[in-house]
Amino acid sequence: MEINLNFTENAKNDFYLVVKARQGDQKAYADLMQRYKDSIYFMVLKMVNNKEDAMDLTVETFAKAFEKLDKYQPDYAFSTWLFRVATNNCIDFIRKKKLNTMSIHGMMDEDGEEKQLQIKADVLNPEETSIKKQQTQELKLLIESLPPRYRNLITLRYFDELSYEEIAQQLDLPLGTVKAQLFRARYLLGNIINRFNRDDI
């Protein structure tokens, strides 16, 4: 990978950081993130108009960019490429949010409460029990990758089996906030599980 001679000083500095990051230099990753996290955040915020979503999408943008760093070609500045990754990520998020808003109604009753998932109560054989245990462990690992507030909510709701009201009381949060954040947590977890399943194939 050769540097583009038309690059500005900033673009040249980014290029050298990308080269180091590709070689596994963690500080180079951190420097690139530090350099662009604020400008990416404010661009994303304009697109989604929600601070929490913008924060999550900023983290996702850097995760995706660093994952695909070997695909970056220095025909144009790293910043141009990074902003394109962020824009595409936002467009995907907005599109999925529209789809989720339509399909989520199928998971709710007339009062807007989520329906309980119907799981067959048949007795599992030892092999099925072992598979279920492994899947639970994998799910817990995926939940660990969520931001702390969402990780906590998912754990309280689905592992400790607390009601919305009990979670609101325990965390000293308004009931509406708990419901909204749990919706967001499930959405993020769904994205992670989908990516995990694709990687697994």
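**How α2 packs against α3**

Mentor: Helix α2 passes helix α3 in a right-handed crossing (right-handed if the near helix is turned clockwise from the far one by less than a right angle, left-handed if anticlockwise). Helices here are DSSP runs of H or I with at least four residues, numbered from the N terminus. The model is predicted: local features need pLDDT of at least 70 and side-chain atom pairs count only at pLDDT 80 or more, while totals for chains, interfaces and linings use all residues. Residues are numbered from 1 along each chain as its sequence is written, and side-chain values use heavy atoms, with hydrogens and water left out.

Two packed helices are described by the angle between their axes and the distance between the axes. The axes of α2 (residues 26-48) and α3 (residues 51-67) cross at roughly 135 degrees and come within 8 Å; axes are lines fitted to C-alpha atoms over the stretch in contact, and angles run from 0 to 180 degrees between N-to-C directions. That makes α2 oblique to α3 (under 35 degrees is roughly parallel, over 145 roughly antiparallel, 65 to 115 roughly perpendicular, the rest oblique).

Contact means heavy atoms within 4.5 Å. Among the residues making it are Tyr36, Ile40 and Val44 of α2 and Leu57, Thr61 and Phe62 of α3.

Thr61 lies in α3 and is buried, with a relative accessible area of 0% (buried is under 20%, exposed over 50%, partly exposed in between, with a 1.4 Å probe and protein chains only). Leaving out residues up to four places away in sequence, Thr61 touches Ile40, Leu82, Val85, Ala86 and Asn89.

Key: Helices (H or I, at least four residues) and strands (E, at least two) are DSSP runs, numbered from the N terminus.
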